[in-house]
Every structure is written in C-alpha cells, then in structure tokens.
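Trainee: Could you walk me through this one slowly? I would like to start with the strands and then move on to the helices.

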Amino acid sequence: MSERILIINLSNKTCEEIPYSYDESHVYGRGLVLDLLRKYVPDNAGRYDADNAIIIAPGFFAGNKAPSAVRMFVATAEDRGKGIQICNTTGNLPQKIGSLGIAAIVITGIAEEKGSVIRIDSQGVEFTVKPELNGASVKDIVHGLKACYNDDIGIVGTGKCGDMRMSLSSMFLTYPHGIPEYHSPRSGFGDVFGAKNLRALVIDSKDYFGRDNKNPDEFWTIGKELTQKIINDEVCGGALPTYGSITIMKILKSKASLKELSEMDRKKSLESDKFTDKQPEQHCDDCDNRKNNKTCAPMCVIGCLNRHSSSDGKRYESPSQVEVEAAVKNCFDIEDYEMSREIQIRATEMSLVSVEYVTAAKAFAEANGIEHGEAHLLEWLDEIERGTAIGRIIASRTYGIGKLYADTGIEALMDRRAIQDEKLFDIMIDSRYPRLRGMTAIDLLYAQIFVLENLGFCIFTSFALLDDDETFEKLAQMFTARTGIKTSGEDLIIQANECIAAEKDYEVQRWEAARETNIPPFTKVLYRYFDKKEQD
C-alpha cells in the first residue's frame with residue numbers, strides 16, 4: 001500500500017514527493033503529523049519563520065467508505081519553546097486528499113506575494129497568486145476560487161484576520177458542493193497561513209472514495225456493522241440528526257436524558273427543521289437549486305450539519321452560534337439572538353474565532369472599566385476588521401489581554417482548555433484488554449479518543465464507539481482490511497497512547513531547544529565560574 005507525502009516550499013515554488021507506506025513507517029494520523037514536524041521543522045523554529053510548516057493529513061480511513069471517518073489534521077509548531085498546535089477538522093478535503101493517494105502535505109517557506117494559492121490535482125501542483133482576493137470576505141474568496149476552477153473543489157485558507165496575524169484568527173474549510181459552503185474551526189491558526197502569504201490550498205478532485213485499500217469489500221462489510229452501531233445509538237442516531245449539536249449541550253448541561261425531553265419540545269424542534277432549509281447568509285445568491293448539506297462530508301452517517309435550530313424555531317448559522325449566544329449571556333448577562341447571529345456571521349467572514357471573541361471582549365471591557373461592554377460588541381468587530389490598536393488587542397485572545405493588563409486582576413476571565421477541567425469529573429471507562437489494565441480511566445479515555453482521531457472518525461461518534469472492546473476489534477479488522485497487516489483493538493489503543501507520549505516528548509524537545517537559543521551570552525562566563533574543573 002503505497003501513497004505519497006508532498007513537501008511544498010512556498011519560497012521557491014517547488015514540490016517534492018516522498019513515498020509513504022504504513023508497512024515501513026508504522027505511523028499514521030497524528031503520529032504521522034508529529035513525525036513530519038520532527039523531520040521538517042527545526043526545534044528552534046518560530047511560529048512565523050519560513051522554517052515552520054503547515055501540515056495537513058487526512059485520517060487513515062478518510063477517502064475510503066468508512067462511516068463518519070471524514071476528518072483530517074491541520075498542524076503547525078506553536079512557537080519557540082512550545083509544542084504542536086493541531087486542529088482536527090472536516091469538510092470535503094479529507095476524502096479528496098486521501099483519494100489522490102496523498103498521505104500528508106507539508107507546506108514550508110514564505111510566498112513572495114500575498115494572496116498565493118496552491119492548487120493540487122491528479123496531475124500535480126500549481127502555484128498562482130490571486131491579489132484580487134486580498135482583503136476579501138471568506139464568501140468572496142470561496143466564490144472567487146470556485147469561479148476560477150470549479151464548484152466541487154476543496155479549499156482550506158484564511159481571511160483578513162489571518163493576514164493580520166491575529167491570535168484569534170482561524171482558517172476556513174469548504175463543505176461538499178451544496179449549502180452551507182464553508183466553516184471555520186475554533187482551533188484553527190489562520191495567522192500561520194497569513195505569515196506564509198498563503199491565501200488558500202485548493203484540492204481539485206471529484207473523487208471521494210479512491211484511496212488505496214487492500215481489501216475494500218471486507219472493509220466495507222465491517223464498516224456497515226459500525227454504521228448500524230452509530231445510527232442505533234441514542235445520541236448519534238437519534239439526537240444529533242434530529243436536533244443538531246445544540247441538543248448535546250442542552251442534555252449534558254441539564255443532566256437530563258433524551259427520554260426526559262418533553263413531547264412538546266420534541267415537536268417544536270422537529271418543526272424548526274423548516275427554518276434550516278432557508279439559505280443562511282453565507283450562501284450565494286444563485287443557490288436555490290443546490291442541495292442542502294445535512295452532512296459535513298460524504299460517508300458521514302450522523303447528519304447533524306444543517307440542523308442547527310432551537311426549539312423555538314430560531315435557525316443558527318453554525319454550531320458555534322449557540323456557543324456565541326451562551327457566551328454573550330454568560331459574559332454580559334443578556335440574551336440577544338440577532339446580535340449573536342451577526343457576531344457569528346461577521347467573525348466567519350473575516351476568519352475570526354467567534355466564541356473566544358466574546359470572552360476576549362469581556363476581558364477587555366473589565367480591564368478598561370467599561371461597564372456595558374455588550375454595547376461595543378459589534379463596534380469592536382469593526383476595530384478588528386480595520387486592524388486598529390484596540391482591535392488587535394482584543395484579537396490577541398484573553399491570554400494576550402491578560403498579559404497586557406496583568407495588574408487588573410482579570411485572570412478569572414481567561415479562556416480555559418478542556419483538559420483543565422478533567423479533575424472535576426469522575427471518569428468511568430474500562431477495558432478487558434490485559435495490557436491496558438494499568439491505565440487510569442482518564443488515560444484510557446484519551447487513548448481511545450486518539451484511536452478515533454487517527455483513523456479519521458468524527459468526535460461525535462465517541463458516544464457510540466468508546467468504552468467498547470468489541471467495537472475496537474471491529475476498527476482493528478477494518479485497519480487490517482485496509483493495510484493487510486494483522487492488528488487488534490488493543491494494539492490500536494496502545495499505539496494511540498504512544499502517540500500521546502510522543503507529543504509530550506516533542507513539547508519537551510522544543511522547550512529545550514528554545515532554552516538553548518535564549519540563554520544570554522553572559523552565561524558562558526558563569527559556565528567558567530561554576531565549572532568544577534576550573535575551581536580545581
């Protein structure tokens with residue numbers, strides 16, 4: 001099973017093809033991403049250095065007919081002294097990239113001109129510049145590139161905030177041909193795209209299921225069994241496709257069960273589907289006859305993409321909008337659907353992370369003693385779009401604001417990473433696998449999540465697939481069908497745990513390199529002073 005890795009250098013507009021075979025490398029998914037970072041990014045490379053890379057790798061099953069295995073990784077080195085920054089995301093790229101026989105794409109260097117575009121198809125790689133897209137909205141960038149190539153291309157790129165290298169910038173990714181057309185992940189890093197003058201990477205291929213597979217019939221047979229498990233699950237097959245991701249937040253926050261939802265609420269939510277068929281703001285003017293995307297990619301069996309509506313009939317632009325609405329309520333104690341919707345739309349169009357924008361605005365208001373910060377939420381978006389001093393401060397995230405206003409005591413408003421909350425919960429997850437008996441429940445949870453990520457499964461499948469050894473045996477059988485290499489569910493989990501350990505080691509490695517780089521010149525005098533041999 002042979003694929004290839006593309007090493008693209010923006011500085012000299014070259015592309016080198018490196019053969020990739022799992023049989024030889026034994027790394028895939030996040031493990032492959034980390035391996036490529038080690039090989040192609042120097043340990044002392046800074047975030048915006050030409051030596052830093054953007055690495056894109058589809059999940060190991062993406063490009064094959066696996067249920068909801070439609071994800072990919074976009075990664076970079078954070079900065080000197082820090083490790084890997086990674087985004088697990090979706091759209092029409094993962095399956096298109098895999099179907100071209102590409103295991104990963106490594107983008108290094110800095111393009112000479114802003115607005116540079118990389119286009120990849122079955123014939124090779126093309127470098128172009130689209131200056132007319134500089135300063136454009138994401139909508140205009142997507143439509144401009146589709147007009148140049150075709151409607152079914154896959155795109156990953158950034159907009160205005162990425163060009164200005166703002167910490168709150170994200171990237172945008174397209175969905176399959178239809179509506180909605182694109183989205184912006186919360187964990188994106190558009191500033192690195194901007195630093196490389198890279199407007200977008202375009203994948204020009206119509207194939208979604210062309211990836212190499214040793215035994216596609218067996219792979220498909222086992223995949224259908226997993227499909228049944230996913231769609232029969234109360235959350236994956238019931239709540240998500242009916243209500244959308246809003247339901248998950250509602251249930252978990254209220255600690256209710258699906259069965260406890262009232263029939264009236266259920267009826268209202270079903271009726272609100274009528275609202276999801278209306279064209280959202282990001283849709284083009286001539287989309288009336290285009291299909292309504294219910295899934296983020298072909299082979300997704302959950303179908304929660306275009307069900308973002310609440311029980312009172314309000315339609316949301318994306319899953320993030322309900323989080324924006326919750327953030328506005330939590331930070332400013334107001335409920336304003338229209339404002340939240342406008343924040344979501346405008347943030348997406350300039351590649352800004354919408355939810356963290358609200359928390360950053362709250363931190364900025366508190367640091368400056370602004371009593372009614374909510375009155376400025378739309379005004380501050382204008383500041384960000386214009387790149388003013390105020391806009392850049394707010395777009396530096398709560399972390400940047402906290403450093404700038406360190407004397408104001410706003411630490412409580414800093415955004416928290418999910419892992420910071422792990423000690424608040426008593427995780428119950430177990431396994432009968434002998435080699436896993438020494439693992440804690442939380443470590444076992446992380447390892448199983450990494451298995452799904454490495455293979456390309458959507459995180460929403462976790463409700464149906466985690467904490468079940470029989471399911472992991474089926475995943476192992478699919479892995480064997482794809483590669484021809486015998487493995488087990490236990491092997492997959494152990495390999496995922498090794499991947500976690502390798503990422504931790506990489507952070508230490510990068511920190512040590514930064515320490516060496518940042519040691520002041522006077523230290524060499526201290527070396528001599530404290531040297532035992534000199535004292536003797």
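**Strands, helices and confidence**

Mentor: Let us begin with one pair of residues in this predicted model: Leu173 has His183, which lies in strand 11, as its bridge partner.

Trainee: And how do strand 10 and strand 11 pair, in the parallel or the antiparallel sense?

Mentor: Strand 10, which covers residues 172-174, pairs with strand 11 in the antiparallel sense, and the pairing runs over two bridges.

Trainee: What sheet do they belong to, and in which order do the strands come?

Mentor: Six strands form an open sheet with mixed pairing, and their order is 8-7-12-9-10-11. The edges are strand 8 (124-129) and strand 11 (182-183), each of which pairs on one side only.

Trainee: Which strands does helix 4 touch?

Mentor: Helix 4, residues 138-148, packs on the sheet and touches strand 7, strand 9, strand 10, strand 11 and strand 12, while its direction makes about 40° with that of strand 10.

Trainee: Switching to helices, at what angle do helix 7 and helix 20 cross?

Mentor: The axes of helix 7 (residues 216-231) and helix 20 (residues 469-483) cross at roughly 155° and come within 9 Å. Since angles over 145 degrees count as roughly antiparallel, helix 7 is therefore roughly antiparallel to helix 20. The crossing of helix 7 with helix 20 is left-handed.

Trainee: Which residues meet there?

Mentor: From helix 7 the contact includes Phe219, Ile222 and Leu226, and from helix 20 it includes Leu475, Met478 and Ala481. Charged residues take part as well, among them Glu218 and Lys229 in helix 7 and Arg482 in helix 20. By class, the contact of helix 7 with helix 20 has six nonpolar, three polar and five charged residues.

Trainee: And what about helix 18 with helix 20, how do their axes lie?

Mentor: The axes of helix 18 (residues 441-455) and helix 20 come within 12 Å and cross at roughly 30°, so these two helices are roughly parallel to each other. Their crossing is left-handed. Gln448, Val451, Leu452 and Leu455 in helix 18 meet Phe472, Leu475 and Phe479 in helix 20, and that contact divides into six nonpolar residues, one polar residue and no charged ones.

Trainee: Last topic: what is the average pLDDT of the chain?

Mentor: The protein chain averages a pLDDT of 87, and 82% of the residues score at least 70. Over residues 261-281, however, the pLDDT is below 50, although this stretch has 40 contacts in the model beyond near neighbours in sequence.

Trainee: How should I read such a stretch?

Mentor: Where pLDDT is low, the predicted coordinates should not be read in detail.

Definitions and conventions
Residues numbered from 1 in each chain as written. Predicted model: local features only at pLDDT ≥ 70, side-chain atom pairs only at ≥ 80, totals over all residues. Heavy atoms only, no water. Axes fitted to C-alpha atoms, helices over the stretch in contact; angles between N-to-C directions. Helix = DSSP H or I, 4+ residues; strand = E, 2+ residues; numbered from the N terminus. Parallel < 35°, antiparallel > 145°, perpendicular 65-115°, else oblique. Left-handed = near helix turned anticlockwise from the far one by under 90°. Contact = heavy atoms within 4.5 Å. pLDDT = per-residue confidence, 0-100. Pairing = 2+ DSSP bridges.
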